[in-house]
Amino acid sequence: MARLLSLCAACAGAYAVVLCLTVLSAPAPAAFLSAPAPGRREAVQGAVAVLAAAVGGEAALADFQGEPVTCMKRYGPAIINLKSAIDSGDMKAVLAKENKFKMLNTFWRNQPKDFAAQTEVSEDLLDAAADGQVDKVKTLYAKYMEKTELKTFANLPPARQYHMTNRDASMGKR
């Protein structure tokens, strides 16, 4: 879609440039014109306007195409289900989920402040788990889970996947 839009914009710009050059290079006789031919200034202004509209337009934001939701659906349950392992003091289970923490942190990648905060907490949590500090891990896990998005996701009922046609409910998962 973006390629098609940029191609159309380039064609429109090329058309405008050719039109402006045609008007400048081969003016029609004044007897056949209902209005005077545009001058060089008007032609250049028109070309600049077309160029600004084609190139200077605001780019489409591709920040949200479902990546955060997919990230939360894929990695959120693994982190939420770690609560029982953390309460029992199983630090090996916490360390086994290191990549899940890193991937879940990308949920906040479009919000740099939240991303930095969650990354810092998860790194401290994993360092404490590696050192065997169970109480610190419990505290940091509670701090990590304080985010509104995680609380909301943890309280959602399981999604129905019957008659769903998306990659999360494909035949490979049945």
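Which residues does Ile79 touch, not counting residues up to four places away in sequence? With contact taken as heavy atoms within 4.5 Å, the list runs to Lys97, Lys100, Phe101, Leu104, Tyr141, Tyr144 and Met145. The model is a predicted one, so local features need pLDDT of at least 70 and side-chain atom pairs count only at pLDDT 80 or more, while totals for chains, interfaces and linings use all residues. Residues are numbered from 1 along each chain as its sequence is written, and side-chain values use heavy atoms, with hydrogens and water left out.

Ile79 also turns up in the largest nonpolar core, which has 26 residues. Such a core is a set of buried Ala, Val, Leu, Ile, Met, Phe, Trp, Tyr and Cys residues joined through side-chain atoms within 4.5 Å. Buried here is under 20% relative accessible area, exposed is over 50%, and partly exposed is in between (1.4 Å probe, protein chains only). Ile79, Leu82, Leu104, Leu125 and Tyr144 have the most contacts inside the core. Two or more residues come from each of α3 (67–80), α4 (83–88), α5 (91–96), α6 (98–105), α7 (112–131), α8 (134–144) and α9 (148–154). Helices (H or I, at least four residues) and strands (E, at least two) are DSSP runs, numbered from the N terminus.

Next comes the α6 and α7 pair. Their axes sit 9 Å apart at an angle of about 170°, which makes α6 roughly antiparallel to α7. The axes are lines fitted to C-alpha atoms, for helices over the stretch in contact, with angles running from 0 to 180 degrees between N-to-C directions; angles under 35 degrees count as roughly parallel, over 145 as roughly antiparallel, 65 to 115 as roughly perpendicular and the rest as oblique. On the α6 side, Glu98, Phe101 and Asn105 meet Phe115, Gln118, Thr119, Ser122, Leu125 and Leu126 of α7.

As for charge pairs, the whole structure holds 3 salt bridges, each a side-chain nitrogen of Lys or Arg within 4 Å of a carboxyl oxygen of Asp or Glu. Glu98 pairs with Lys102, their closest N and O atoms being 3.2 Å apart, and these two are about one helical turn from each other in α6. Lys83 and Asp87 form a salt bridge at 3.7 Å, N to O, and both lie in α4. Asp114 and Lys147 make a salt bridge too, with the closest N and O atoms 3.2 Å apart. Asp114 belongs to α7 and Lys147 to the loop between α8 and α9, so the pair ties together parts that are 33 residues apart in sequence. Asp114 is partly exposed at 24% relative accessible area, whereas Lys147 is buried at 17%.
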